[in-house]
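Hi,

Here is the structure I promised to pass on.

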Amino acid sequence: MLAVAIRPGGGVVLDALAPGHAEAAASFEALFREVAPRVRRYVARTVGDDAADDVVSETFTTAWRRWAELPEDHGMRRAWIYRTAHYECAHALRSRSRRQHTAERAAARRELGDDPTDRVVGDDRVARVLAALPDTDRDALELVVWHALTPAEAAYALGCSPTAMRARLSRARRRLAAVLGEGDLREVGS
Amino acid sequence: MSTDDDLRADNEARRLRTLLGAPEHAPREPLSTADEALLARILATPVAVPAEPARRPWAARGPARIAVAAAVVLGLVVAGISWQSRGTGAQAGPPPVLEFSAGTVDDALADTLPSARDTLTAISGAAAAQPATGGSGVQRIQSYAWYLNFDAARQDAELATTFTDLRISPDGSVVSREVRAPALDLHGDVIDPDRYPLGGAASVDRLPAGTMDADYAAQLPRDPVALRDAFLATDPQCRASTDDEERCLYYAITDLYGRAVVPADLSATVWAMLADEPAARTLGTTRDRVGRTGEAVVMHGPDATDALRLLVIDPATGQLLSWELVGTGLPGTVFDEPTVTSFQAITSAQWVPER
């Protein structure tokens, strides 16, 4: 079964649409099942539970609509999802006041009681350090520690340079170590 | 970033994971009910299946970004025609072929039309005479288009009327809003008032900084030969044959006007470049789909699916008003007559203030 795909700027190409569609659907579903729960958590931390549904929905709907344009590399595909989610969060937050933003972020953190992140950072000292981090540093830490992105992928997701990503991670680590020391922190997660 | 920097960043990440007792690989978690429902809802909609032989990186730098940006402008428009319907004599409802003052599409297919050199040279001159105007802020391009969507798996064809409002900010971030009318069948009747084409009744894509090159038009060469080289550098396949060169030049032009406010001096260069292409033939004047008078230039390609590639150009300003494609068939079938498979009329291209 053939279809014609017309892409201005890219010419006209032919493709077997039905097999391609099935393959795309399978790949998308696999990616969705892998990352959606963590993406939802990341989004909820940023915009709050109430707004998370819309942001997550828009993120994955955009990914599906633009599936042909996503990177082939699996890690970069995940990073593309986070990058889009990050951008959708920023868009959602721009329409709110800073006070609302702050309150909702705080509320979101309280509401996510079964978050594995919270189990890891159950120590109040760690929680305070993380809460005191700038949003940029916190986002960087979160993506590489709890979302298993590489620093390069996290840099792509957050729209910063890899060098800036390394600086953010280094800064976050130093703050954590300064407050608790590496030995204490290791016990938190054990 | 150097390899050393990579290693240092990876080391920071590893130390942080160790500090916080986080696993190296995050365990898979089950989907919530809400996410299961979201997944089902998304998969119930069609998708733009990759059709190119080789993917291009999403955020590729340089020439490859052109193709990426083209996809951002219009997405992957899946268009086609149910050849079964046409083969059985159904009266399809695609847009009728435009009327031209100096020829017909049959003349174009027969390669009997005169060269467009003089026409394009005149248009280039008119564009060059336009006052030089710069722009700043957000580039906003609005268009009206009509596509044919064909789902091969379901043998389901629909006509999609699409309005697009594209905004490209100086940092390369993009907001693309599309509004679509309910889908029509091949007879031009509404299939179902609640059925909308691919993408739904409305969609908004917001893409982050760096997605597109906002300076693309500003940085293109103002020398026709150099511009031709720049257009052909977008894809190695463009140099494979004369047909490929013509195809790439046509789509590079439609891409340019579909995603940028094109300054007059660049328009002058574009048409001067195309004037030297033997494949560019003139059809005389025409009125495009939104009633504007322009000069029609056509390029006859070897493929049935876009056998005729049309451009309608404002002779006074050199701005591209519309493009459209006329096909003569699909693999395995031949249309009864040349058929318009898609068009886009660029209704506005202007700089607007940043919000």
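Before anything else, a word on burial: I call a residue buried when its relative accessible area is under 20%, exposed when over 50%, and partly exposed in between, using a 1.4 Å probe and the protein chains only. Please keep in mind that this is a predicted model, in which local features need pLDDT of at least 70 and side-chain atom pairs count only at pLDDT 80 or more, while totals for chains, interfaces and linings use all residues. Residues are numbered from 1 along each chain as its sequence is written, chains are lettered from A and ligands numbered from 1 in the order in which they are written, and side-chain values use heavy atoms, with hydrogens and water left out.

**The two chains**

Chain A has nine helices and two strands; the two strands come at the N-terminal end, and the helices follow. Helices (H or I, at least four residues) and strands (E, at least two) are DSSP runs, numbered from the N terminus. Of the 190 residues in chain A, 57% are buried. Chain B holds ten helices and ten strands, and 53% of its 355 residues are buried.

Contact here means heavy atoms within 4.5 Å. Taking contacts in chain A between residues at least 6 apart in sequence, 65% join residues at least 24 apart; in chain B the corresponding share is 63%. The accessible surface, from the Shrake-Rupley method with a 1.4 Å probe (for residues, only the protein chains shown count as cover), is about 7500 Å² for chain A, 51% of it on carbon and sulfur atoms. For chain B the surface is about 14600 Å², with 52% on carbon and sulfur.

**Salt bridges**

I count a salt bridge when a side-chain nitrogen of Lys or Arg is within 4 Å of a carboxyl oxygen of Asp or Glu. Over all chains there are 30 of them.

Start with E29(A) and R33(A), whose closest N and O atoms are 3.0 Å apart. Both sit in helix α1 (residues 17-47) of chain A, four residues apart, or about one turn of the helix. E29(A) is partly exposed at 27% relative accessibility, and R33(A) is partly exposed too, at 26%.

Which residue does R45(A) bridge to? Its partner is E142(A), at 3.5 Å between the closest N and O atoms. R45(A) is in helix α1 of chain A and E142(A) in helix α7 (residues 135-145) of chain A, so this pair ties together parts 97 residues apart in sequence. Both R45(A) and E142(A) are buried.

E142(A) also meets R138(A) in a salt bridge, 3.8 Å from N to O. These two are four residues apart in helix α7 of chain A, which puts about one helical turn between them. E142(A) has a relative accessible area of 2%, and R138(A) counts as buried at 4%. Elsewhere, bridges with shared partners join E58(A), R65(A), R66(A), E69(A) and D205(B) into one network.

The buried residues of α2(A) include A52(A), V55(A), V56(A) and F60(A).

A nonpolar core is a set of buried Ala, Val, Leu, Ile, Met, Phe, Trp, Tyr and Cys residues joined through side-chain atoms within 4.5 Å. The largest one has 59 residues, and F28(A), V43(A), F60(A) and L141(A) touch the most other members. α1(A) gives the most to this core, with twelve residues. Leaving aside residues up to four places away in sequence, V43(A) touches G48(A), A52(A), V55(A), V56(A), A85(A) and C89(A). Apart from this core lies another of 37 residues, among them A252(B), L256(B), A260(B) and W271(B).

**Strands in chain B**

Two strands pair if DSSP finds at least two bridges between them. Strand β6 (residues 280-287) of chain B and β7(B) run antiparallel, joined by seven bridges, and A280(B) has M299(B) as its bridge partner. They form a hairpin with five residues between them, and G291(B) in the turn has a positive phi of about 85°.

β7(B) also pairs with strand β8 (residues 308-313) of chain B, antiparallel over six bridges; there M299(B) stands opposite R309(B). Six of the eight residues of strand β7 (residues 293-300) of chain B are buried.

Cheers
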